[in-house]
Amino acid sequence: MSDTKHPHRVGEHAVVVGASMAGLCAARVLADRFARVSVVDRDTFPTDQRQPRGQVPQGRHPHLLHIAGARLLDGWFPGIVAELYDGGAVELDLCADFYWHQAGGVAQRTATDLKGPAASRPFLEATVRRRLAQLSNVAIHDRCAVTGAEFVGDRMTGVRLAEDATLHADLVIDATGRQARSLVWLRSAGYAPPPVDTVEVDTRYATQVYRRDPRIALDWKAAAVIDEPSTRRLAMAVPAEGDRWLVVLGGLNGEVPPVEPCERLAWAESLPSPVIADLMASSEPVGDPVTHRFPANQRRRLDKLRRFPSGWTLLGDAVCSFDPIYGQGMTSAALQAAALGACLDRTSSVDQRFGRRFHKSVAAVVAAPWSVAVGGDFAYAGTTGPKPFGTDVLNRYIRRVTVAAQHDDRVAIRFNEVVAMVRRPESLLTPMFALRALRTSMRGPAPAALNESFDRLPRDAPPVHHTGAT
Ligand SMILES: Cc1cc2nc3c(=O)[nH]c(=O)nc-3n(C[C@H](O)[C@H](O)[C@H](O)COP(=O)(O)OP(=O)(O)OC[C@H]3O[C@@H](n4cnc5c(N)ncnc54)[C@H](O)[C@@H]3O)c2cc1C
């Protein structure tokens, strides 16, 4: 039984395919509602908590966990956020501790309750996995690839494993990421796949780890510098456990950030604020840079599926995969898992009615982050795909909000609440807020000096070079 007492049992056995962030969140929710939960992943879980996994290559890049996600995790696994801090994660107030340079100026920084842990993706995932494994009715298996599914009539009754074994289940959750492996199994059983929305952005990441000297006190703990859309460039520096900085240079619409050290520095210096270039120039790199190419935002419209088997659904990136620059994937997965729990609480069996209700519910959950990612990406001229009506007007307005946030604490807080996914994007459109933001934005971008009260890092350290050490 799960450690949290929950009165509502929906079934005997649930199987989650994929033990990445979405699968782990789903399994936690299912543990309260099924007698047993099995989580299977084809990958090998590393013994070192900081080691990225082979099947989750994005784990080498910075992963922001937004506040809404951190709060859900802390509710499911009480004390997990404190545990992350104990392991070296850095507490980050999204508004007060983040140096955010965009639209020609720096956002106001003021103390809020938007606090969460900055940690590497492998450490976060390993901590969640360890806590999940402590639940007595959950079994997690690595090196266990799922190769197909079993059906009886219009119901998925289990999954097939590589060695021809079958895991029977009342509910199968496919949390296998963007590819959504189960759609192949569904197709061979005669089910059409859901319609897919695709917005191509071609985002490139190049991440380098640096040593972080905790004795150097900066007046910010993380930084993002987002250049004008015409340059298609941005950079972000986030702290992680193990006294590390993860510094990513990002390019959109095919802009490729370099990996060669001098070119990386020159690229960072081309940005409108020196903070990240300073950090790179004065810090010791660890290992080699790694790259990632993200082709397109992708949303599967489960809510438009006409026919699907009972006892099956998708969750996480399998439903919706967002341009990573907005850092929404893990929090969206957690919100989807919460929606799964809420839908299960309203049903007595995992039937078609439950499926339809969940598909509607998950579509509503991903609608907000989808509008943020796709809307933001259309500010870049090379982005292609179905453009939501009014996007250009909205983007001009959001730019004004960004400028207003450089002068006005209250605008900055509301903006960050939306970024943190604790408020819906529509909250930026209320008449009172819009009036305030539009009026304040008339002042123009805040001169950098106004909000850049930080001490610049000394540049007297040796120029960036590779140590080759890890
Ligand atoms: C470069 C980059 C940066 C990102 N940055 C952020 C960020 O800052 N913040 C954020 O919230 N999100 C970020 N994301 C998104 C985030 O990584 C995902 O949203 C998150 O990992 C949840 O994905 P998932 O669990 O659905 O799938 P995945 O993480 O893709 O995991 C799928 C799992 O399924 C397993 N699997 C696949 N096939 C099988 C099979 N047949 N049998 C068994 N197991 C199988 C795989 O081994 C894997 O473990 C970023 C993504 C990228 C690409």
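Which backbone oxygen lies 2.8 Å from a polar atom of the side chain of S427? The backbone oxygen of R424 does.

## Basis of the model

This is a predicted model, in which local features need pLDDT of at least 70 and side-chain atom pairs count only at pLDDT 80 or more, while totals for chains, interfaces and linings use all residues. Residues are numbered from 1 along each chain as its sequence is written, and side-chain values use heavy atoms, with hydrogens and water left out.

## S427 and helix α11

S427 lies in the loop between α11 and α12; helices (H or I, at least four residues) and strands (E, at least two) are DSSP runs, numbered from the N terminus. At 11% relative accessibility, S427 counts as buried, where buried means under 20% relative accessible area, exposed means over 50%, and partly exposed is in between (1.4 Å probe, protein chains only). The contact between S427 and R424 is of the polar kind: a pair of N or O atoms within 3.5 Å, where within protein one must be able to donate a hydrogen and the other to accept it, and residues adjacent in sequence count only if both atoms are side-chain atoms. Not counting residues up to four places away in sequence, S427 touches R414, V418 and F433, with contact meaning heavy atoms within 4.5 Å. S427 and R414 are 13 residues apart along the chain, and their C-alpha atoms are separated by 7.9 Å.

Helix α11 spans residues 409-419, and its buried residues include V411, A412, F415, N416, E417 and V418. The buried residues of α11 pack against α10 (391-404) and α12 (431-441). After α11 comes M421, which has a positive phi near 65 degrees.

## Nonpolar cores

The largest nonpolar core has 83 residues. Such a core is a set of buried Ala, Val, Leu, Ile, Met, Phe, Trp, Tyr and Cys residues joined through side-chain atoms within 4.5 Å. The members that touch the most other members are L30, F34, V37, L73, V159, W312 and L340. Helix α1 (residues 21-31) gives the most to this core, with nine residues. A second, separate core of 27 residues includes F98, A107, A222 and A420.

The contacts of V37, not counting residues up to four places away in sequence, are H13, A14, V16, A27, L30, A31, N137, V138 and A139. S38 lies in strand β2 (residues 34-40) and is buried, at 7% relative accessibility. With residues up to four places away in sequence again left out, S38 touches H13, A14, V15, V16, A139 and L167.

F45 is in the loop between β2 and α2 (67-76). This residue is buried, with a relative accessible area of 16%. Not counting residues up to four places away in sequence, F45 touches A19, R53, R129, I140, H141 and D142. F45 and R129 are 84 residues apart in sequence and 9.7 Å apart in space, C-alpha to C-alpha.

## Ligand surroundings

The ligand is surrounded by 34 residues, of which the closest are S20, D41, L64, R121 and D317; a residue is counted if one of its heavy atoms lies within 4 Å of the ligand. By class, this shell has 14 nonpolar, 13 polar and seven charged residues. Here Ala, Val, Leu, Ile, Met, Phe, Trp, Tyr, Cys and Pro count as nonpolar, Asp, Glu, Lys and Arg as charged, and the others, Gly among them, as polar. Helices α1 and α8 (329-344) each supply at least two residues of the shell, and α8 gives the most, with three residues.

An oxygen atom of the ligand is 3.0 Å from an N or O atom in the side chain of Q58. A polar backbone atom of M330 is 2.7 Å from an oxygen atom of the ligand, and a polar side-chain atom of R181 lies 3.4 Å from a nitrogen atom of the ligand. Taken alone the ligand exposes 1,000 Å², and the protein buries 95% of that; accessible areas come from the Shrake-Rupley method with a 1.4 Å probe, and for residues, only the protein chains shown count as cover.

## Positive phi in two loops

D243 has a positive phi of about 50 degrees although it is not a glycine. D243 sits in the loop between β14 (233-240) and β15 (244-251) and is partly exposed, with a relative accessible area of 38%.

N253 also has a positive phi of about 50 degrees without being a glycine. Its place is the loop between β15 and α6 (261-269), and at 16% relative accessibility N253 counts as buried.
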